[in-house]
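Please look over the sequence and the model before reading the points.

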Amino acid sequence: MNGTLFSKVLLTFLLVFGSAMSFALDWSKNHLLNPLWHPHAKFHGAVLLFFFAGVAITGVWLLWRESSEPKVAITAAAALSASYWTPFFFIPYLLPGSSYWAGIPGHEPRFHGMVFYPNLLVIGVFLALTVVAWRIGVGDRKVQWALNPNRKAHVDPPGLKKR
């Protein structure tokens with residue numbers, strides 16, 4: 001599988017699975033179906049889910065349409081993916097009263113004594129895979145070299161400067 005195809009497949013997975021996962025997790029009792037949520041907050045939450053579904057479909061279309069510039073499509077799809085996931089890391093800092101945790105306040109999960117938000121771990125993985133897919137898809141020679149099973153172990157990657 002060449003880098004462009006690998007990138008397209010991975011970005012398609014991230015966009016489609018990310019959108020489906022968002023619906024599955026947010027259309028639930030601790031989010032949109034929570035009776036404690038204000039009705040207009042539920043409205044905006046649902047709008048965001050449908051917006052992301054539309055963005056994901058657009059990204060997938062860009063990736064798989066016939067094009068003389070597949071790297072542009074890969075960059076656009078990666079930017080769409082990253083633009084959805086990145087705000088998860090800073091919204092609580094910009095919006096007082098918001099939280100990473102959807103459960104009961106004060107009952108956040110802990111890992112080795114520190115507060116741990118599983119959703120941020122998953123989102124971090126999605127973002128990291130988005131960057132990997134983009135770098136492979138646009139032809140980052142160092143990434144492609146590292147993933148090439150036919151490379152010779154003693155050969156340095158292209159562009160590596162020796163000291």
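Predicted model: local features only at pLDDT ≥ 70, side-chain atom pairs only at ≥ 80, totals over all residues.

Which helix gives the most to the lining of the largest pocket? Helix 2 does, with seven residues.

**The largest pocket**
- The space in the largest pocket comes to about 1,400 Å³.
- Its lining is made up of 38 residues, and those nearest the centre of the pocket are Asp26, His31, Phe88, Ser99 and Asn119.
- Two or more lining residues come from each of helix 1 (3–26), helix 2 (39–64), helix 3 (70–85), helix 4 (91–94) and helix 5 (118–137).
- Sorted by class, the lining holds 24 nonpolar residues, 12 polar ones and two charged ones.

**Helix 1 and helix 3**
- Two packed helices are described by the angle between their axes and the distance between the axes.
- The axes of helix 1 and helix 3 come within 10 Å of each other and cross at roughly 30 degrees.
- Angles under 35 degrees count as roughly parallel, so helix 1 and helix 3 are roughly parallel to each other.
- The crossing of helix 1 and helix 3 is left-handed.

**Histidine 112**
- Histidine 112 sits in the loop that runs between strand 1 (110–111) and strand 2 (114–115).
- The phi angle of histidine 112 is near 55 degrees, which is a positive value in a residue other than glycine.
- Histidine 112 counts as exposed because its relative accessibility is 72%, and the cut-off for exposed is over 50%.

Definitions and conventions. Residues numbered from 1 in each chain as written. Heavy atoms only, no water. 1 Å grid on protein atoms, 1.4 Å probe; cavity = no way out; pocket = protein on both sides within 12 Å on 5 of 7 lines; lining within 4 Å. Points joined across faces, edges and corners; volume = space filled by probe spheres on them. Helix = DSSP H or I, 4+ residues; strand = E, 2+ residues; numbered from the N terminus. Nonpolar A, V, L, I, M, F, W, Y, C, P; charged D, E, K, R; others polar. Buried < 20%, exposed > 50% of the residue type's maximum accessible area, 1.4 Å probe, protein only. Axes fitted to C-alpha atoms, helices over the stretch in contact; angles between N-to-C directions. Parallel < 35°, antiparallel > 145°, perpendicular 65-115°, else oblique. Left-handed = near helix turned anticlockwise from the far one by under 90°.
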